[in-house]
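Here is a quick tour for anyone meeting this protein for the first time. Have a look at the picture, then read on.

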Amino acid sequence: MEKIKQLIDEKEDCSKILFAIQDTLDLISGKWKIKVVSVLLYGRKNFTDLQRQIDGLGAKMLSKELQDLEINGLITRTVNATKPITVSYELTAYGHTLEPVIKALADWGTTHRHEITGR
């Protein structure tokens, strides 16, 4: 009976982990969000700076990704009183909680590239 209870507990734990992973992937999925967050880890950036720093990211897609990140509480959007008006973005305290995740991805990617290419 104890073994059955342990198996059920393990299955529930695994399900919880899989749900949590799916929630995370839903939030940062796609080609661009994690890159936008990565750039913003280095500080506040305006729209044009973000677009320049992320090769291949068009204005329409950047705008959509920034909206999604703002809706999810990861970034703040500030309209600056400049001529012409500029908009800047920065990570919230909650957005900064992704830093260890991004660092782990970068570290693993570096190791993987070295493993595959030998460089």
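Let's start with β1 and strand β3 (residues 86-91): these two pair in the antiparallel sense, over 2 bridges. Asn-46 sits opposite Ser-88 in β3, while Lys-45 has Tyr-89 of β3 as its bridge partner. Keep in mind that you're looking at a predicted model.

On to β2, which is joined to β3 by 6 bridges, again running antiparallel. β2 and β3 make a hairpin, with 5 residues between them.

The bridge partners named so far look like this:

| Residue | Partner in β3 |
|---|---|
| Lys-45 | Tyr-89 |

Now for a residue in a loop. Leu-41 has its place between α2 and β1. Which residues is Leu-41 in contact with, once neighbours within four places in sequence are left aside? They are Leu-91, His-96, Glu-99 and Ile-102. As for Lys-83, 42 residues apart from Leu-41 along the chain, the C-alpha atoms of the two are separated by 27 Å.

Another loop, the one between β3 and α5, holds Thr-92. Is Thr-92 buried or exposed? Its relative accessibility is 17%, so Thr-92 counts as buried, the cut-off being under 20%. A polar atom of the Thr-92 side chain lies 2.7 Å from the backbone oxygen of Gly-73, and a polar atom of that side chain lies 2.9 Å from the backbone nitrogen of Gly-95. Not counting residues up to four places away in sequence, Thr-92 touches Gly-73, Leu-74, Ile-75 and Thr-76.

Finally, how confident is the prediction? The protein chain averages a pLDDT of 90, and 91% of the residues score at least 70. Confidence is lowest in helix α1 (residues 2-28), with a mean of 76, and highest in helix α5 (residues 93-96), at 97.

How values were computed: Residues numbered from 1 in each chain as written. Predicted model: local features only at pLDDT ≥ 70, side-chain atom pairs only at ≥ 80, totals over all residues. Heavy atoms only, no water. pLDDT = per-residue confidence, 0-100. Helix = DSSP H or I, 4+ residues; strand = E, 2+ residues; numbered from the N terminus. Pairing = 2+ DSSP bridges. Contact = heavy atoms within 4.5 Å. Buried < 20%, exposed > 50% of the residue type's maximum accessible area, 1.4 Å probe, protein only. Polar contact = N/O pair within 3.5 Å; in protein donor to acceptor, adjacent residues only side chain to side chain.
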